[in-house]
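The sequence and the coordinates come next.

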Amino acid sequence: MKLIDWLTRDAPLATRNEITPKLGFLLTVLLAIVWLIPFLWMVVATLRPPSDGINTMAELMPSLKPTLDNVRDAWEIGDFPRYTLNTTIICAGILLVQFVTITLAGFAFARLKFAGKTLIFYLFLMQLMLVPVLLIVPNLSLVAQLGLYDTLTGVMMPFFASAFGTFLMRQAFEAIPTELEDAALIDGASLIQRIRHIYVPLSMPSFSAFAIISVTSHWNDFLWPLMVINSPDKRPLTVGLSVFTKTAEGTQAWGTIAAGTLMVIAPLLVTFLVFQKRFISSFVTSGIK
Amino acid sequence: MLFSRRLALGLAMIGTMAGALAFPAMAEGPTEIDLFFPVPVDGKLARDMGTLIKEFNETHRDIKATAVYTGSYDDTLIKTRAAIKAGKPPSAVIMSANFLLDMQIENELTNLDALIKADGTTKEQFLGQFFPALHGNAVINRSVYGVPFHNSTPLLYINADKAKEAGLDPNKPPQTWAELTDWAKKLTRRDGDKVTQWGIAIPCAYDYCGWMMETLTMSNGGRYYNEEFGGEVYYDTPSMLGALSWWNDLVAKHKVHPPGATPGPAVSTSFISGNAAMMMLSTGSLTYVRDNAKFNYKVAFIPRNVRNAVPIGGASLIVPAGLEADKQKAAWTLIKWMTSPEKSGWWSRATGYFAPNMAAYKTPDMVDFLNKNPDAKTAVEQLDVAKPWFATYKTVPVRKNLEDEVMLVLNGKKQPKEALAAAQKAADETLKPYNAETSLKLP
């Protein structure tokens with residue numbers, strides 16, 4: 001029971017002697033282990049020398065002679081620094097434009113009065129129901145007509161407006177008391193100033209929650225960048241990685257794949273570890289009014 | 001999608017700016033062409049493709065080709081189609097050989113007859129370079145639409161050491177399904193109810209599953225689809241029922257084949273690790289097996305129930321429709337260079353696919369290679385009994401109609417007979433618009 005006590009040391013005092021929260025913690029730890037296994041396997045497979053043979057490939061026990069050969073192979077096959085840069089540009093570019101669009105659209109739906117507001121809002125939400133694959137050809141035609149085929153801007157463009165983000169910001173803005181805005185109005189603040197100094201600072205948790213969702217989904221997107229990008233030097237990480245994971249009639253070099261995958265997730269992983277507390281608190285507080 | 005006015009204005013502005021950046025001034029220079037390619041084997045070959053294109057660019061100063069990696073065969077089709085519809089067709093594509101018919105029906109392919117004629121050769125002379133078995137997937141309505149680049153047939157791979165242990169002679173591989181079933185039983189090792197070594201493994205994942213079903217159906221005397229017309233498949237026939245029942249028996253009755261639908265890489269991995277003593281897999285995996293097997297192995301023809309027959313697999317080079325004349329010409333130069341005896345032989349040695357150009361087997365490098373690796377001959381010898389790969393209107397959905405049902409059978413959720421009836425019904429539905437436009441449209 002020492003372990004459980006240690007794990008629950010941060011639990012609120014009132015619940016410290018109850019059994020249910022402890023069971024909850026235990027379950028969380030179990031789930032964490034299940035989630036960790038594939039990750040551990042990936043690390044082990046990355047360091048396993050090919051000479052160990054394919055028989056040991058599925059084992060979780062690390063090799064006695066760890067090697068960085070797989071990492072070197074993966075590094076040589078793919079131009080990873082370039083891929084990482086491209087993915088970063090794509091994710092950051094999308095997010096920056098999204099911040100502007102979802103703030104303004106969210107504000108419009110939360111506070112402005114105009115004809116057909118509810119109807120337009122529901123139409124906006126309906127976009128969430130569409131499978132992205134459906135839009136590949138129309139989006140690609142539009143991107144090509146704008147002269148953005150095979151450009152990073154072309155990859156970003158369809159995502160500049162986000163129905164989910166607009167919805168999230170509308171909810172966040174609606175939770176902010178109108179008295180604050182009224183006070184600013186009396187002081188003579190313009191519309192943009194009110195958004196900038198009242199709504200945005202008070203909705204920071206929602207912004208960070210949205211940022212996490214936006215960045216992770218675009219970081220992992222494969223099909224759309226594959227459609228838009230031709231030039232090898234404009235590939236994002238996912239397309240670059242799949243050069244050695246997608247096989248039709250052949251076979252797979254697991255060590256290299258594991259090493260490549262590790263390189264692809266590393267930036268996100270490090271970011272998460274560094275900002276762990278903020279990430280979690282952003283999700284916790286964004287749900288509370 | 002709905003935009004606010006301000007958003008639309010903003011987008012238009014960003015679009016114009018980026019457009020200005022994306023279009024550098026047109027300058028006189030080499031004709032720039034894109035070659036779309038899927039990676040049929042592991043990543044090192046993506047690098048080999050880079051080497052190949054680099055060599056082409058160095059020897060052809062007036063053309064600058066870029067190799068664009070485009071995912072799996074299915075992803076490559078999606079990307080090519082989207083690019084054609086967006087008005088940006090690639091100049092050449094390494095396309096799964098059985099997608100050509102569907103693309104031709106949709107007017108997405110350039111008829112190559114004129115380019116062949118401009119070279120001063122005839123269609124017959126041009127096609128004569130390639131193994132006759134490959135013509136079926138390259139010629140549509142007597143016109144050439146594709147150039148075979150790397151091709152495959154399914155093979156039976158046998159772990160020779162395990163066969164000897166079980167008292168079987170690996171030099172006399174099984175030739176019929178009955179013998180194969182017998183071998184599989186003898187090669188399966190059990191520890192109580194647990195199987196420690198499977199007799200045989202056959203892959204079943206999207207793309208591979210349909211190909212293996214075609215393999216088994218053909219060696220069971222069947223036809224699978226109408227080779228002359230893209231609107232008919234024969235899923236609900238005795239030959240296919242027999243094939244699927246035999247496969248299902250290996251899993252459910254004899255318990256010598258791992259249950260469930262297994263993807264290709266998992267099958268080759270379990271063969272290499274000794275977990276499966278035999279497997280049916282593409283010759284495209286041969287180089288991988290040769291490099292990784294720590295035991296003696298043999299490759300053999302796919303055993304027959306009624307007759308020896310296998311489908312062609314692999315990919316052809318195509319030129320999409322809607323290209324400017326100079327790009328078309330440059331793409332044609334690239335295609336001829338890539339399918340020349342030297343280059344197709346080199347690619348064959350690197351991958352394990354066989355070289356479609358017959359003259360490749362007369363080059364000194366290839367003669368040398370075959371002396372050292374006689375196992376590479378099997379796929380070529382099997383070409384005598386090879387037939388075209390199934391191709392219909394909407395090939396991928398029609399293939400998936402069958403694959404979904406076969407997976408249900410291998411997972412023990414359906415019986416072969418009802419599964420095939422369901423697959424036929426679904427495929428008929430998918431093919432309906434084409435039949436309404438062609439065979440059912442009466443004058």
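In this predicted model, Pro397(B), Val398(B), Asn401(B), Leu402(B), Glu405(B) and Val409(B) of helix H17(B) are in contact (heavy atoms within 4.5 Å) with residues of helix H18(B), among them Pro416(B), Ala419(B), Leu420(B), Ala423(B) and Leu431(B). H17(B) covers residues 395–410 and H18(B) residues 416–437, and their axes come within 8 Å and cross at roughly 165 degrees. H17(B) is therefore roughly antiparallel to H18(B), a term for angles over 145 degrees. The crossing of the two is right-handed.

Helices are DSSP runs (H or I) of at least four residues, numbered from the N terminus. Residues are numbered from 1 along each chain as written, with chains lettered from A. Local features need pLDDT of at least 70, and side-chain atom pairs count only at pLDDT 80 or more, while totals for chains, interfaces and linings use all residues, and side-chain values use heavy atoms, without hydrogens and water.

From H9(A), Leu180(A), Glu181(A), Ala184(A) and Leu185(A) meet Arg194(A), Ile198(A), Tyr199(A) and Leu202(A) of H10(A). Six nonpolar, no polar and two charged residues make up this contact.

The structure also holds four cavities of 30 Å³ or more. On a 1 Å grid over the protein atoms alone, a cavity is a set of points where a 1.4 Å probe fits but cannot get out, and lining residues have an atom within 4 Å of a point. Two of the cavities are listed here.

| Cavity | Volume | Lining by class |
|---|---|---|
| Largest cavity | About 70 Å³ | Seven nonpolar, three polar, two charged residues |
| Second largest cavity | About 40 Å³ | Five nonpolar, three polar, one charged residues |

Residues lining the largest cavity include Leu286(B), Arg290(B), Tyr353(B) and Phe369(B). The largest share of that lining, three residues, comes from H12(B). Around the second largest cavity, the lining includes Thr87(A), His218(A), Trp219(A) and Asp221(A). Helices H4, H11 and H13 of chain A each supply at least two residues of the lining of the second largest cavity.

Notes. Ala, Val, Leu, Ile, Met, Phe, Trp, Tyr, Cys and Pro count as nonpolar, Asp, Glu, Lys and Arg as charged, and the others, Gly among them, as polar. Axes are lines fitted to C-alpha atoms, for helices over the stretch in contact, and angles run from 0 to 180 degrees between N-to-C directions. Angles under 35 degrees count as roughly parallel, over 145 as roughly antiparallel, 65 to 115 as roughly perpendicular and the rest as oblique. A crossing is left-handed if the near helix is turned anticlockwise from the far one by less than a right angle, and right-handed if clockwise. On a 1 Å grid over the protein atoms alone, a cavity is a set of points where a 1.4 Å probe fits but cannot get out, and a pocket is an open set with protein on both sides within 12 Å along at least five of seven lines; lining residues have an atom within 4 Å of a point. Grid points are joined across faces, edges and corners, and a volume is the space filled by probe spheres set on the points.
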